[in-house]
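These are my notebook entries on one protein chain. I record what I looked up and what I found.

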Amino acid sequence: MFCGTACANKALNLKPKDRIKLGDVDVSNRYDKEKNVTYTNFNVFDFEMADGSGSTHSRGAERAVDDGEVDDDGLPF
């Protein structure tokens, strides 16, 4: 999962088979005893392109990413 608005915006421009170098990440494992499977989860906070270009390929129009802000209009508290 790409976390944070800036990282998520960069990730939207990635194409299949693009190679990236992970920067700040959080890695966690979860073992499912019934299925005998270990799941590894990556939360990516920063990355760069593996070729060192520092920017991702442009797709033309940028897609918007939710900024994570909660609109609390109408909440009772």
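Entry 1. Is Lys10 buried, exposed or partly exposed? I found Lys10 partly exposed, with a relative accessible area of 26%. Buried means under 20% relative accessible area, exposed over 50%, and partly exposed in between (1.4 Å probe, protein chains only). I note that this is a predicted model, where local features need pLDDT of at least 70, side-chain atom pairs count only at pLDDT 80 or more, and totals for chains, interfaces and linings use all residues. Residues are numbered from 1 along each chain as its sequence is written, and side-chain values use heavy atoms, with hydrogens and water left out.

Entry 2. I looked up the secondary structure and found 1 helix and 4 strands, in the order α-β-β-β-β from the N terminus. Helices (H or I, at least four residues) and strands (E, at least two) are DSSP runs, numbered from the N terminus.

Entry 3. I searched the whole structure for salt bridges (a side-chain nitrogen of Lys or Arg within 4 Å of a carboxyl oxygen of Asp or Glu) and found 1. Lys10 pairs with Asp46, and their closest N and O atoms are 3.6 Å apart. The pair links distant parts of the chain, 36 residues apart: Lys10 lies in helix H1, and Asp46 in the loop between E3 and E4. Asp46 is partly exposed, at 36% relative accessible area.

Entry 4. Which residues of helix H1 (residues 5–12) are buried? I listed Cys7, Ala8 and Ala11. They cover an arc of only 95 degrees around the axis, which puts them on the same side of H1; the arc is that of the directions from the helix axis to the C-beta atoms.
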